[in-house]
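Colleague: Hello! Could you show me how to read a protein model, step by step?

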Amino acid sequence: MFSFRTTPISEQLDKALTEGRVGVFYNQSAWDAGSGKYIYSIFEERGNLVVKFEPEDDGRHIFFDAEDLKGLSAVVVEIQDVGSRFFPYTVDVLRLMSALCGIEQAPSLYIVDHPNPAGRDVEGTLPAGVSDQWTPAVAHRHGLTLGELAHLYHDEIGAKYPLHIISAEVADTARILMPWTIPPADDFPGVFTPFFYTGASLWNDTNISPGIGTYRPYEIIGAPFIKADTSGLPLPDGVLARPCSYIANAGIYEGCRCYGFQFILTPGTRYHSLMHTLRLMRYFSEHYSEFHISESLFTRLADPVSAEYLKGNITFDIVEEHIKAEEQRWIRKAKRFLLYDDAPVRIK
């Protein structure tokens with residue numbers, strides 16, 4: 001059973017929500033600007049909140065035990081997705097959806113949807129070859145809302161429990177605040193971060209830091225061994241590179257002086273972060289003997305053609321055409337799961 005609801009979660013009259021045992025799966029983005037309260041307050045005030053699933057001390061994941069899901073009537077989810085299949089909280093939602101499949105008399109699942117701050121632009125390929133078990137069969141930057149992504153995943157895993165999506169267009173927060181006003185994660189601070197994250201998060205699987213411990217994570221990359229010189233550095237049209245140095249206060253180079261670049265988008269630029277990151281990684285492989293890519297990157301990338309490019313075995317034009325074809329394939333697949341009038345598009 002699937003439904004798309006166009007009134008707020010607080011106005012839903014399903015017995016599972018008004019009288020049943022409710023669990024709430026949320027992070028800091030589940031704050032309503034109209035009421036000034038977090039989503040769990042609705043059920044606390046009704047007296048039927050049983051469990052809260054919230055970020056643990058690492059601030060990067062929402063952990064849960066499948067036993068905690070048993071006996072619930074409903075699980076209400078509210079996080080801010082950022083448009084990338086790598087985003088940890090989104091992966092947690094998919095783990096939750098899979099876990100519900102293993103529960104006899106599973107609770108109904110309600111997703112409180114939000115706009116996608118990365119917009120409808122699509123980047124990358126569908127997973128192929130070896131990939132992480134929780135990697136959904138979506139493009140690297142999928143162009144969907146969390147509700148649409150859950151709609152697709154519910155179908156892919158053959159889930160039988162009811163799924164209800166609360167429209168992103170009905171919440172006060174969506175009208176009052178911009179989608180990035182409340183950071184969706186500790187390392188996801190600002191308006192431009194969604195446009196860099198899909199590609200730049202892959203630096204976490206190398207010994208170049210994606211600016212973790214700086215004021216502009218994923219817009220800045222750096223390492224102690226980099227020469228902050230833009231000569232020969234690959235830059236797409238509309239993208240500037242500002243040489244910089246900094247002392248990171250977190251991440252793999254915490255307390256160390258790093259050198260690198262802040263990438264800046266000029267007004268109107270539609271940035272393909274994945275393809276730019278691939279070109280940058282190839283550049284660093286060819287110019288810095290110190291640069292190292294972990295095998296985990298290839299698992300996260302889940303694309304053998306891109307992997308061959310990073311290993312120096314094929315040219316960029318081959319991987320570029322491959323990615324373009326994959327993006328079209330993903331857009332065709334995503335079409336049947338859309339809930340809003342606009343649709344995902346390629347960056348041309």
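Predicted model: local features only at pLDDT ≥ 70, side-chain atom pairs only at ≥ 80, totals over all residues.

Colleague: Is Thr90 buried or exposed?

Modeller: Thr90 has a relative accessible area of 2%, and buried means under 20%, so Thr90 is buried. Thr90 is found in helix H3.

Colleague: How do I describe two packed helices?

Modeller: Two packed helices are described by the angle between their axes and the distance between those axes. Here, the axes of H3 (residues 88-101) and H4 (residues 146-156) come within 11 Å and cross at roughly 35°. That crossing is right-handed. Residues of H3 that meet H4 include Thr90, Val93 and Leu94, while Leu146 and Leu149 are among those on the H4 side. By class, this contact has 7 nonpolar, 3 polar and no charged residues.

Colleague: And the sheet: in what order do its strands come?

Modeller: Strands of a sheet pair through backbone hydrogen bonds, either parallel or antiparallel. In this model, an open sheet of 6 strands has parallel pairing and the order S1-S9-S7-S6-S2-S5.

Colleague: Why is one side of S1 and of S5 left without a neighbour in the sheet?

Modeller: Strands S1 (2-5) and S5 (49-53) stand at the edges, and each has a single partner strand, so one side of each lacks a neighbour in the sheet. From one strand to the next, the twist averages 20°.

Note on methods. Residues numbered from 1 in each chain as written. Heavy atoms only, no water. Axes fitted to C-alpha atoms, helices over the stretch in contact; angles between N-to-C directions. Helix = DSSP H or I, 4+ residues; strand = E, 2+ residues; numbered from the N terminus. Left-handed = near helix turned anticlockwise from the far one by under 90°. Contact = heavy atoms within 4.5 Å. Nonpolar A, V, L, I, M, F, W, Y, C, P; charged D, E, K, R; others polar. Buried < 20%, exposed > 50% of the residue type's maximum accessible area, 1.4 Å probe, protein only. Pairing = 2+ DSSP bridges.
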